[in-house]
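Let us walk through this structure step by step.

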Amino acid sequence: MSHITGHDRSQTLLLPESLDEYVGSENPVRFIDAFVDGLDLIAAGFIRVACKVTGRPGYAPKDLLKLYVYGYLNRVRSSRRLEAETHRNIEVIWLLRHLKPDFKTIADFRRDNRNAFRPIFRQFVLLCRQLDLFGRELLAVDGTRIKAVNNKDRNFTRASLTKFIELADAKLDDYLQRLDQSDASERKTGGSRVKNLAEKIAAIRQRRTRCKDMLAQLDQTGEDQISLTDPDSRAMAAHTHVAVGYNAQIAVDAKHKLIVEQQVTNQVLDLGLLTQTAEPAKEILGVETIEVVADRGYFKAEDIEACENAGMVPYVPRPQRGPSVRTGRFRKDEFEYEEASDSYLCPARQRLTLRAVTSQRDLKRFHYANRLVCGGCELRPRCTAGSFRIVTRLENEAVLDRMQTRLAKRPNILGTRREAVEHPFGSIKQWMHQGAFLMRGLDKVRGEFSLTALAYNLRRVLNIVGFTDLMAALKT
């Protein structure tokens with residue numbers, strides 16, 4: 001018995017008569033072709049859709065868009081690799097009808113149309129809604145940090161710049177003192193050490209001047225850090241390391257884990273991004289009200305209140321932070337607020353009443369205390385390091401109380417959030433190999449992530465409904 005052998009390379013074969021026969025009838029590339037052909041690229045904001053009367057003909061934007069959708073769906077994002085696919089990949093050759101644009105043309109298309117990819121993503125979301133793939137009951141919101149084209153050594157904060165200037169001043173003083181102390185015998189040997197010190201002094205002074213200029217730039221712009229390679233990127237803590245990147249936000253429908261809304265920001269924290277991410281998703285789904293769940297990184301009273309005012313029901317766990325938590329004393333949530341009497345019951349079941357009202361960030365803050373009771377309380381060492389405990393309440397804290405009541409009734413909703421929102425991020429970073437952006441600048445990165453989210457949704461829908469039903473939806 002022998003191994004399976006292939007055909008002789010010089011043997012004449014009867015190949016199919018047309019290129020179309022090489023592409024299966026249910027190949028996803030046929031959907032990409034039909035989907036893009038049905039789009040209004042002018043309304044989406046693509047440039048050069050209409051041909052000019054004179055001049056050299058250019059590639060049609062629809063052909064280049066098809067190439068990018070196919071590339072992101074198949075984990076090929078580089079313009080040079082996409083150019084290679086147009087020469088060797090039978091599916092791409094079929095999709096582009098033998099067109100072979102060079103990598104510069106491919107890259108320029110993504111750069112020039114960076115703001116037009118988001119409407120294309122939303123068009124596919126509307127198609128998913130037409131297929132009834134959204135439960136439209138629960139949205140899970142979360143963010144992830146994706147690395148930018150900017151090394152952390154090319155990112156500077158106010159603290160790092162100030163520290164370097166201080167170190168540079170100390171080194172300069174040391175080098176100058178060593179220059180002054182150089183004796184005549186060292187000069188007789190050629191003065192190599194003196195020459196080296198002079199070069200080091202010049203280099204440090206040059207770097208110190210650059211740091212002073214960057215610090216002045218930060219003072220002028222009001223920013224807290226500056227990146228040299230990609231000016232829009234920011235240093236962001238991600239688990240155990242700090243990388244320079246962007247904060248990608250998504251709102252995911254819990255039914256099939258499809259991305260309804262996505263955005264990219266260079267805001268380091270998720271704080272304040274809940275309504276900004278969830279409200280557009282609610283509008284796309286076309287519902288009057290919807291539940292929204294997020295992790296404690298989104299816990300901000302003003303944002304949660306805005307979320308309720310926009311017709312959404314938020315679920316965000318309260319983070320355990322503050323001096324009492326750090327010292328192991330009674331947390332604020334262990335004090336029970338009674339709305340009828342406008343007072344708090346402490347863990348010792350004593351009543352704390354309103355003592356003062358202050359303002360911060362245009363919000364009133366109400367302070368509750370009971371000096372007489374705290375003085376002789378046996379639990380005081382576990383409650384406060386002072387003579388009495390003060391509990392502060394915001395004027396809009398009733399919103400947080402309502403949310404805390406909802407969370408107590410549905411503790412499993414936080415697990416549902418994790419299952420829903422971690423699936424897209426895991427697929428994007430691991431299966432699609434997109435843990436870093438290829439482009440520089442916030443606008444370009446947003447366009448790139450729109451293509452990423454579109455490719456994720458497309459792959460997900462193909463797995464859920466199949467090719468036939470997806471093609472049928474385009475015809476209705």
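**From charged patch to paired rings**

Helix α10 (residues 192-221) gives the positive patch its largest share, three residues. Helices here are DSSP runs (H or I, at least four residues), strands are E runs of at least two, and both are numbered from the N terminus. This is a predicted model, where local features need pLDDT of at least 70, side-chain atom pairs count only at pLDDT 80 or more, and totals for chains, interfaces and linings use all residues. Residues are numbered from 1 along each chain as its sequence is written, and side-chain values use heavy atoms, leaving out hydrogens and water.

The patch gathers Arg154, Lys171, Lys200, Arg207 and Arg210. Patch residues have over 30% relative accessible area and no salt bridge, and like charges are joined within 9 Å. A salt bridge puts a side-chain nitrogen of Lys or Arg within 4 Å of a carboxyl oxygen of Asp or Glu. Lys200 lies in helix α10. Lys200 is partly exposed, at 43% relative accessible area; buried means under 20%, exposed over 50%, partly exposed in between (1.4 Å probe, protein chains only).

Now the rings. There are 12 aromatic pairs. Rings of Phe, Tyr and Trp (its six-membered ring) pair if their centres lie within 6.5 Å; planes under 30 degrees apart are stacked, over 60 edge-to-face, the rest tilted. Tyr246 and Phe437 have centres 5.9 Å apart and planes at 80°, so they pair edge-to-face. Tyr246 sits in strand β5, Phe437 in the loop between α17 and α18, 191 residues apart. Both Tyr246 and Phe437 are buried.

Methods. Patch = residues over 30% accessible without salt bridge, like charges linked within 9 Å, V, L, I, M, F, W, Y side chains within 5 Å. Areas by Shrake-Rupley, 256 points an atom, 1.4 Å probe, with all protein chains shown as cover. Lys, Arg positive; Asp, Glu negative; His and termini not counted. Charge placed at Lys NZ, Arg CZ, Asp CG, Glu CD.
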